[in-house]
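Please look over the sequence and the structure shown here before reading the report.

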Amino acid sequence: MYAGLKNTPCCLCGRDDTHTRIAVPPRALRLMENGGPIAWRDVVGTVTLRFCADDWDLVSDLAIEMDSHPLSRCNAAHVSLDLREDHEALLSATKAETDQTELEARLAREAETTLDAVDDPYTEERDVVEAIVVLRALEELGVRERPGDAAALADDD
C-alpha cells in the first residue's frame with residue numbers, strides 16, 4: 001500500500017509548522033486544488049488536512065461562523081492519504097472500485113453526533129470544525145442533503 005506524506009505542510013499556505021489537523025472523506029479531494037488527478041476511489045481511509053495556526057483561525061471562523069468549508073482553497077498535494085495497492089499492475093487483474101459510501105456514512109454520523117453535542121463542555125472546537133467541514137463537503141458533492149433542503153423542495157411543489 002502506498003502511504004502518502006505523513007508530515008504534510010499546511011494545505012492552505014504550505015507552511016511546514018502546522019497547528020491542527022482534520023480528516024475528510026476521500027471524495028472531498030474533488031473539491032480541492034490539484035485534486036482532479038488523484039483517484040479518490042483508491043484512497044484507503046480518510047484524507048488528513050493540516051493547518052498552520054493562522055490558517056486554523058480562518059478555517060475555524062469559516063466553519064463555525066459561516067457554516068462552510070475551505071476545501072476549494074486547500075492544495076491536495078499537501079494532504080496525507082493512503083492509496084490501495086495497484087493490483088492491476090501487480091497481478092494483471094482488475095480489482096473492483098472501492099465503495100466509499102460506508103466510510104462517508106460513518107463520517108457523517110460521527111459529525112452529526114459531534115454537532116448534537118456542541119454545547120457539551122468536552123466537545124472541542126476542532127471536532128466541531130471537522131464535523132462542519134465533513135458535512136458541508138458531502139452536501140456539496142451531492143452525497144447527502146443539507147437538513148431542511150428536502151422540506152424546502154417539498155414546499156415548492
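The report below describes a predicted model.

Helix H3 covers residues 101–116, which makes 16 residues, and from its first C-alpha to its last it reaches 22 Å, close to the 22 Å expected at 1.5 Å a residue. Leu-103, Glu-104, Leu-107, Ala-108, Ala-111 and Thr-114 of H3 are buried. Because these buried residues fall within an arc of 130° when H3 is seen down its axis, they line one face of the helix. An α-helix has 3.6 residues a turn, so residues three or four places apart point the same way. The other side of H3 carries Glu-102, Thr-113 and Asp-116, which are exposed. The packing partners of the buried residues of H3 are strand S2 (20–24), strand S3 (43–51) and helix H4 (125–140).

Two of these partners, S2 and S3, pair with each other in the antiparallel sense over five bridges, and Ile-22 stands opposite Leu-49 in S3. S3 is also joined to strand S4 (residues 80–83) by three bridges, again in the antiparallel sense, with Ser-80 in S4 as the bridge partner of Thr-48.

The count of aromatic pairs comes to one. In this pair the ring centres of Phe-51 and Trp-56 lie 5.9 Å apart and the planes stand at 45°, which is between the limits of 30 and 60 degrees, so the pair is tilted. Both residues fall under the 20% limit for buried, as the table shows.

| Residue | Relative accessibility | Class |
|---|---|---|
| Phe-51 | 0% | buried |
| Trp-56 | 5% | buried |

Technical notes:
Residues numbered from 1 in each chain as written. Predicted model: local features only at pLDDT ≥ 70, side-chain atom pairs only at ≥ 80, totals over all residues. Heavy atoms only, no water. Helix = DSSP H or I, 4+ residues; strand = E, 2+ residues; numbered from the N terminus. Expected span 1.5 Å × (residues − 1). Buried < 20%, exposed > 50% of the residue type's maximum accessible area, 1.4 Å probe, protein only. Arc of directions from axis to C-beta. Contact = heavy atoms within 4.5 Å. Phe/Tyr/Trp six-rings, centres within 6.5 Å; stacked < 30°, edge-to-face > 60°. Pairing = 2+ DSSP bridges.
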